[in-house]
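Here are some notes for reading the structure shown below. Please keep the sequence beside you while going through the points.

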Amino acid sequence: DDVIVYRLVKPMFSAAKTPDIYLRHISSFKKKPFLPSGGRYCTCCHTFSSKSKSRKVSVQWRNMVEGGAGFTVYDRLTGKGKKVGIPLGGSTFMCWSPDATKLVMTVKQKLSTLFPITQETQYAYSPTADIAVYDAKNDSISLLPGASSADLLENYPRWSTDGKTIAFCMDRNKTAEEGRFKQKYNIHLIPYNDGNGGEPVPLKGASFNGKSNYYPRYSPDGKWLSFCRSNYGSLIKPSSDIYLYSLEDGAVKRLECNYANAADSWHSWSSNSRWLVFTSKRDDGTFARLYFTEIDEQGKSSPPVMLPDRKFIAKSYNVPEFQKEDPGISSSKLYRILNSKTVKQAREIKVE
């Protein structure tokens, strides 16, 4: 894969940040804006319908000037896009279904921020969050039964490669009141079941182990599920390391590419399931850089290699996503869609 799409964020954390999304060619220093924020939007989670010849892209946004939140959907084959608002509010982390017809996402999400503590350059957490599925064909959205309980915190959904299962993270919503050290996510698997959901099952080795387990990522070949584990919370934590769960035998291992107290996080699989790109603060403890590691057949990771820059950038890379090639999407056109006053309101469907 020759392309990485990523955000650049300036520490320290601020709720009013408006980071830009960039596209970088791995084989050269060539990079360009993918979606500028224009100083008005917090453009966060970006997701492609596939890593190879991706047809659809979606970007979650929060308007930092006028308020409101939602996401954009853009079809690169038709060249058309739309700005979508949802009645459930607060959408963030998203993932396309394998057939590119549906988006699973976090909704009803509130964002709270606290002052950083030692070695943390940002601290943000969600006191509320549920999982919902957006149907792109019908412009409708519904909460996923089994992953949308009022007394639980459900976050970071990810579709399995066969489209039958959704991995997500769960915790008690009371942990937000108990303090940052109490929040510990556990990864669960739930059947999609045509939108009817089911009973969430904790993933052994990635749940109830005294740590916080979050940010699951399926390898495209369906062999592995990677995730982050830290002492508490999620996102950028000094104690965060990347782990690998074998979907064949259930074995769990800490990858060799991790570095102690380096906030190894935000990772993405290549289209051939042989490489991971991830962020790490191992260089100075403040600025996250992109690193690559190769995963062999046994799940062993190679020594990581940093993506070089011509000059130092005093910002952190996050949310990197592999793409096999440049999606060929005009950043100006994508921003015009984002900046449009016309918002397509998704219709809420209640599932019993």
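In which strand is Ser58 found? The answer is β5, residues 56-63; helices (H or I, at least four residues) and strands (E, at least two) are DSSP runs, numbered from the N terminus.

1. Basis of the model. This is a predicted model, in which local features need pLDDT of at least 70 and side-chain atom pairs count only at pLDDT 80 or more, while totals for chains, interfaces and linings use all residues. Residues are numbered from 1 along each chain as its sequence is written, and side-chain values use heavy atoms, with hydrogens and water left out.

2. Surroundings of Ser58. Ser58 counts as buried because its relative accessibility is 0%; buried means under 20% relative accessible area, exposed over 50%, and partly exposed in between, with a 1.4 Å probe and protein chains only. A polar atom of the Ser58 side chain lies 2.7 Å from the backbone oxygen of Thr72. This is a polar contact, that is, a pair of N or O atoms within 3.5 Å; within protein, one must be able to donate a hydrogen and the other to accept it, and residues adjacent in sequence count only if both atoms are side-chain atoms. With neighbours within four places in sequence left aside, the residues in contact with Ser58 include Cys45, Phe71, Met94, Trp96 and Leu103; contact means heavy atoms within 4.5 Å.

3. Overall form. The protein has 2 helices and 28 strands. Along the principal axes, the C-alpha atoms fill a box of roughly 45 × 45 × 40 Å. Of the 352 residues, 55% count as buried. Among contacts between residues at least 6 apart in sequence, 52% join residues at least 24 apart.

4. The five-stranded sheet. Which strands form the open sheet with mixed pairing? There are 5 strands, in the order β8-β9-β12-β13-β28; two strands pair if DSSP finds at least two bridges between them. At the edges stand β8 (94-96) and β28 (347-348), each pairing on one side only. Strands β8 and β9 (residues 102-107) run antiparallel and are joined by 3 bridges. Met94 stands opposite Met105 in β9, and Cys95 has Val104 as its bridge partner. On to the next strand in the order: β9 and β12 (residues 130-135) pair in the antiparallel sense over 6 bridges, and Thr106 has Ile131 in β12 as its bridge partner.

5. The cover over β9. Is β9 enclosed or open? Since 6 of the 6 residues of β9 are buried, the strand is largely enclosed by the rest of the structure. In a regular strand the side chains alternate between the two faces of the sheet. On one side of β9 are Lys102, Val104 and Thr106, and on the other Leu103, Met105 and Val107, all buried.

6. Two positive phi angles. Most residues other than glycine have a negative phi. Ala100 is not a glycine, yet its phi is positive, at about 60 degrees. Ala100 is in the turn of the hairpin formed by β8 and β9, which have 5 residues between them. With a relative accessible area of 14%, Ala100 is buried. Tyr156 also has a positive phi, near 50 degrees, but its place is in strand β14. Tyr156 counts as buried at 4% relative accessibility.

7. The four-stranded sheet. Strands β14-β15-β16-β17 make up, in that order, an open sheet of 4 strands with antiparallel pairing. β14 (152-159) and β17 (201-202) stand at the edges with a single partner strand each, so one side of each is left without a neighbour in the sheet. β14 pairs with β15 (residues 165-172) over 6 bridges, and Leu152 stands opposite Arg172 in β15.

8. Ser316 is found in strand β26 (residues 316-323), and is buried with a relative accessible area of 8%. The Ser316 side chain reaches the backbone nitrogen of Ala288 at 2.9 Å. Ser316 is also in contact with residues including Arg7, Leu8, Val9 and Pro11.
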